[in-house]
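Thank you all for coming.

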Amino acid sequence: MDRTTHNPTEWLTHFGLNHAVEVRGGVRTLYLSGQTASDPDGNAMHPGDLVAQYEAAWGNLLDALKSAGMDATNLVRLNFYTTDVPQFMEKAEDIVKFHVGAGAQVCSTLLGVKELYDPALMIEIEATAVA
């Protein structure tokens, strides 16, 4: 698989994100459901702590990737759904370190939503990976 990032402007790269990610030669595409800070029974974890919720959701996403024989370097897209966009932006430096540190080169969308499946949840991460 050959990956090329495209960044006509650089502002997204500060967040470890890209305007576009081009993939050539990939043979498998994995579409991941939104991952949240939920335990194995689906119960919300870390109420009120957006960074801890992101870390737990990220861990769940990595587990799903691993089950498909992939890791964060296979990610090409992350979509973030949050109930608190201002807090997400305020905590962005603490949040992006997880995917940047794991070597993910992705494009992304941040969406503010009224609520997630559990009112205690503040973030959901949806992803696409290619191998």
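Predicted model: local features only at pLDDT ≥ 70, side-chain atom pairs only at ≥ 80, totals over all residues.

**The nonpolar core**

In the largest nonpolar core, which has 28 residues, those that touch the most other members are Tyr54, Trp58, Leu61, Leu75, Leu78 and Ile125. By a nonpolar core I mean a set of buried Ala, Val, Leu, Ile, Met, Phe, Trp, Tyr and Cys residues joined through side-chain atoms within 4.5 Å, where buried stands for under 20% relative accessible area, exposed for over 50% and partly exposed for what lies in between, with a 1.4 Å probe and protein chains only. Two or more residues come to this core from each of helix H1 (50-67), strand E5 (75-82), helix H3 (92-101) and strand E7 (123-130), and H1 gives the most, with 7 residues. Helices (H or I, at least four residues) and strands (E, at least two) are DSSP runs, numbered from the N terminus.

Residues are numbered from 1 along each chain as its sequence is written, and side-chain values use heavy atoms, with hydrogens and water left out.

Which residues does Tyr54 contact, leaving aside its neighbours within four places in sequence? They are Leu78, Phe80, Ile95, Phe98, His99, Ile123 and Ile125, contact being heavy atoms within 4.5 Å. As background, nonpolar side chains in soluble globular proteins tend to be buried together.

Not counting residues up to four places away in sequence, Gln53 touches Ala37, Met45, His46, Pro47, Gly48, Ala120, Leu121, Met122 and Ile123.

One of those partners, His46, sits in the loop between E4 and H1 and is partly exposed, at 37% relative accessibility. Although His46 is not a glycine, its phi is positive, at about 55 degrees; for context, most residues other than glycine have a negative phi.

Thr36 is likewise found in the loop between strand E4 (29-35) and H1, and Thr36 is buried, with a relative accessible area of 4%. If neighbours within four places in sequence are set aside, the contacts of Thr36 are Ala56, Ala57, Asn60, Tyr117, Leu121, Ile123 and Glu124.

**The salt bridge**

How many salt bridges does the structure hold? There is 1, and it joins the side chains of Glu22 and Arg24 at 2.7 Å, N to O; the term requires a side-chain nitrogen of Lys or Arg within 4 Å of a carboxyl oxygen of Asp or Glu. Glu22 is partly exposed, with a relative accessible area of 25%, whereas Arg24 is exposed at 55%.

**Glu93**

To finish, Glu93 lies in helix H3 and is partly exposed, with a relative accessible area of 49%. Glu93 and Thr4 are 89 residues apart in sequence, and their C-alpha atoms are 24 Å apart in space.
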